[in-house]
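Here is a brief report on a single structure. Start with the model below, then read on.

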Amino acid sequence: VKPMSATAAHRWDVAYWTLFACLCFFGIAPVWISDLLPLLDAGSHLHLMKIIHDFGDNALYQHHYKEVHAIVPYLSYYKAVDWLQYFTDVEQANRIVLSLCLLGIPLAAHALLKALHHNRWLVLGVFPWMLNSDFFMGFFNYLMSIPVFLLVLAAHVHFLRRPSWRGGALVGGLLVFLAVTHY
């Protein structure tokens, strides 16, 4: 088998990343083309994130709700949207975080394929997974956990091949982050 020339390899790199970017764009387009996300749990999540953000300034919320400082699986998604609400409204903050979660799926799958030394073109099978049933059910925190889980696997493969303190810390940190996204 004759090895591929540098020019041909570059063309395949450009083709891969162009297709990857286009599919990512189409994967997040549904999040941005609608005024209101027609997802099952989206409304309740948005309301809860708005309450979390406005809790300290709203006497009505303080009367009817109690602030609890517990580490729960929804924490990472809700806090990411909460922090972005200082710059934009809750709907736009949610769209940004949701887009990052959706984009994280093929990016993390690419990292896992690279760690496993598999053909990177296999990532094309992951793109339909971006808009899966959990997306349409509005399970935002679970969508955040999918790329984190894939990154845990990629980091673990790296750690198994070249054990190091840094690699172990990365796997441990990703596992902790996974615990506060979703189980």
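Which residue takes a positive phi just after H5? His-117 does, at about 60°. This is a predicted model, in which local features need pLDDT of at least 70, side-chain atom pairs count only at pLDDT 80 or more, and totals for chains, interfaces and linings use all residues. Residues are numbered from 1 along each chain, and side-chain values use heavy atoms, leaving out hydrogens and water.

**Helix H5**

Helices are DSSP runs (H or I, at least four residues), numbered from the N terminus. H5 covers residues 90–115. Its 26 residues should span 38 Å at 1.5 Å a residue, and the end C-alpha atoms are 36 Å apart, which agrees. The expected span is 1.5 Å times one less than the number of residues.

| Feature of H5 | Residue | Value |
|---|---|---|
| Kink | Gly-104 | about 30° |
| N-terminal cap, side-chain oxygen to backbone nitrogen of Glu-91 | Asp-89 | 3.1 Å |

The kink lies shortly before Pro-106. A bend is the angle between axes fitted to the seven residues ending at a residue and the seven starting there.

**Salt bridges**

The structure holds three salt bridges (a side-chain nitrogen of Lys or Arg within 4 Å of a carboxyl oxygen of Asp or Glu). One of them joins Asp-13 and Arg-120, with the closest N and O atoms 2.4 Å apart. Asp-13 lies in H1 (residues 6–32) and Arg-120 in the loop between H5 and H6 (127–130), so the pair ties together parts 107 residues apart in sequence.

Technical notes
Helices (H or I, at least four residues) and strands (E, at least two) are DSSP runs, numbered from the N terminus. A polar contact is a pair of N or O atoms within 3.5 Å; within protein, one must be able to donate a hydrogen and the other to accept it, and residues adjacent in sequence count only if both atoms are side-chain atoms.
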